[in-house]
Amino acid sequence: MPVPAEPLRRLPVPVRLIARETTGSFLTRLAFANSLRVPHLLALASITTDQRSFTPATDDTRGWTGSTPGRIAALAGRPLPELAAAIPLLATMTPADTAPLRACWHCIAAKNVTGMVILRARDYLCARHQQWLRGIHRPSLTALPEITGSQRRHDRRNANVPDQDIARAHRQAQDITRQWLEAGWHPALTERWHDRHRRLAATVPGPEAVLADVITHPEMLAVARLLILRRRAPGIQPREIAARLGIPNPSIPHPLDPLQNHLSQLPAPREAS
Ligand SMILES: [Zn+2]
């Protein structure tokens, strides 16, 4: 692959860094700020790619050479570690295992950033603007204030939990709450979720799958919190599960309940010393 003939230099107009941005979004902004066509910038960065397949959502290393990260840093006029702190792909150099999601438009407008910015990681919504950020349909959450409230509490309580632990707990919790929803395990939850579905559908009709993640979100976060605590402390009592979910306390949990099933498969947590 030919190295670009043009000498590598810092581009005249720097762009500000936005936390957890995709490389595609960052490179597009860098090109536009300097009145360069995107293919030109990609060539300067030593990236060979089909122009049509490159978009602001692009966040993988296809077409990169070993020198690409250093070249991006040189073009941006910033040290690579500083860029990597904002752009996850540069830090990991591996494709993300999470689906990209777009940042809240209201927040982008407030920062006076033009164009599309893609975020990812443990964000589901913008609490400030009550906006769901995942999927094709991104409903306003103004009809469901408990969703943003639960996210705020969850973020506060888990501020010190590493990202990968949060992500794992969320994946497991989503699996559990989806099974609860589909099979109607807990009548109190089923009733609550149907109520949320009615309130949400009144404002934004959308596919069930998208709405399912929205309407079960507070309970997903509650289960995730239980799973995070379970890794650090001895077994969870059924009454604590019921209390956190706001459901009647079952005297004997069903062993096949997806959450019970999951907890029974976990190794015993380490005792605090
Ligand atoms: Zn916002």
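**View 1. Overview of the chain, in which 29% of the 273 residues count as buried.** Buried here means that 20 or more other C-beta atoms lie within 10 Å of a residue's own, exposed means 12 or fewer, and partly exposed covers what is in between, with C-beta atoms placed from the backbone. Please keep in mind that this is a predicted model: local features need pLDDT of at least 70, side-chain atom pairs count only at pLDDT 80 or more, and totals for chains, interfaces and linings use all residues. Residues are numbered from 1 along each chain as its sequence is written. The protein chain has 13 helices and 4 strands; these are DSSP runs numbered from the N terminus, with helices being H or I of at least four residues and strands E of at least two. Of the contacts with a separation of 6 or more, 59% join residues 24 or more positions apart. A contact means that two C-beta atoms, placed from the backbone, lie within 7 Å.

**View 2. The largest nonpolar core, with 30 residues.** Such a core is a set of buried Ala, Val, Leu, Ile, Met, Phe, Trp, Tyr and Cys residues joined through C-beta atoms within 7 Å. L125, A173, V214, V223, A224 and L227 have the most contacts inside this core. Two or more residues each come from β3 (125-126), α8 (163-183), α9 (187-201), α10 (208-215), α11 (217-230) and α12 (238-245). Which element gives the largest share? That is α11, with 8 residues. A second, separate core has 16 residues, A31, A45, I72 and A76 among them. As general background, nonpolar side chains tend to be buried together in soluble globular proteins.

**View 3. L125 and the residues it touches.** Leaving out residues up to four places away in sequence, L125 touches Q131, W132, L133, L141, I147, T148 and Q151. L125 is also among the residues with the most contacts inside the largest core.

**View 4. Helix α7 (residues 145-157) packed with α11.** The two axes are 8 Å apart, at an angle of about 20°. Axes are lines fitted to C-alpha atoms, for helices over the stretch in contact, and angles run from 0 to 180 degrees between N-to-C directions. The pair therefore counts as roughly parallel; the classes are roughly parallel under 35 degrees, roughly antiparallel over 145, roughly perpendicular from 65 to 115, and oblique for the rest. The crossing of α7 and α11 is left-handed, a term for a near helix turned anticlockwise from the far one by less than a right angle, with right-handed used if clockwise. E146, I147, S150, Q151, H154 and R157 of α7 make the contact with H217, P218, L221 and R225 of α11. By class, this contact has 3 nonpolar, 4 polar and 3 charged residues. Ala, Val, Leu, Ile, Met, Phe, Trp, Tyr, Cys and Pro count as nonpolar, Asp, Glu, Lys and Arg as charged, and the others, Gly among them, as polar.

**View 5. Helix α11 with α12.** How do these helices run relative to each other, parallel or antiparallel? They pack at an angle of about 150°, with axes 9 Å apart, and that makes α11 roughly antiparallel to α12. Their crossing is right-handed. E219, A222 and L226 of α11 meet I241, R244 and L245 of α12. This contact has 4 nonpolar, no polar and 2 charged residues.

**View 6. Two residues with positive phi, R20 and Q130.** R20 is not a glycine, yet its phi is about 60°. R20 sits in the segment before α1 and is partly exposed, with 17 other C-beta atoms within 10 Å. Q130 has a phi near 50° and belongs to the loop between β3 and β4 (131-132). With 18 other C-beta atoms within 10 Å, Q130 is also partly exposed.

View 7. S25, in helix α1 (residues 23-33), counts as buried because it has 25 C-beta neighbours inside 10 Å. D195 lies in α9 and is exposed, with 12 other C-beta atoms within 10 Å. S264 of helix α13 (residues 258-265) is exposed, with 10 other C-beta atoms within 10 Å.
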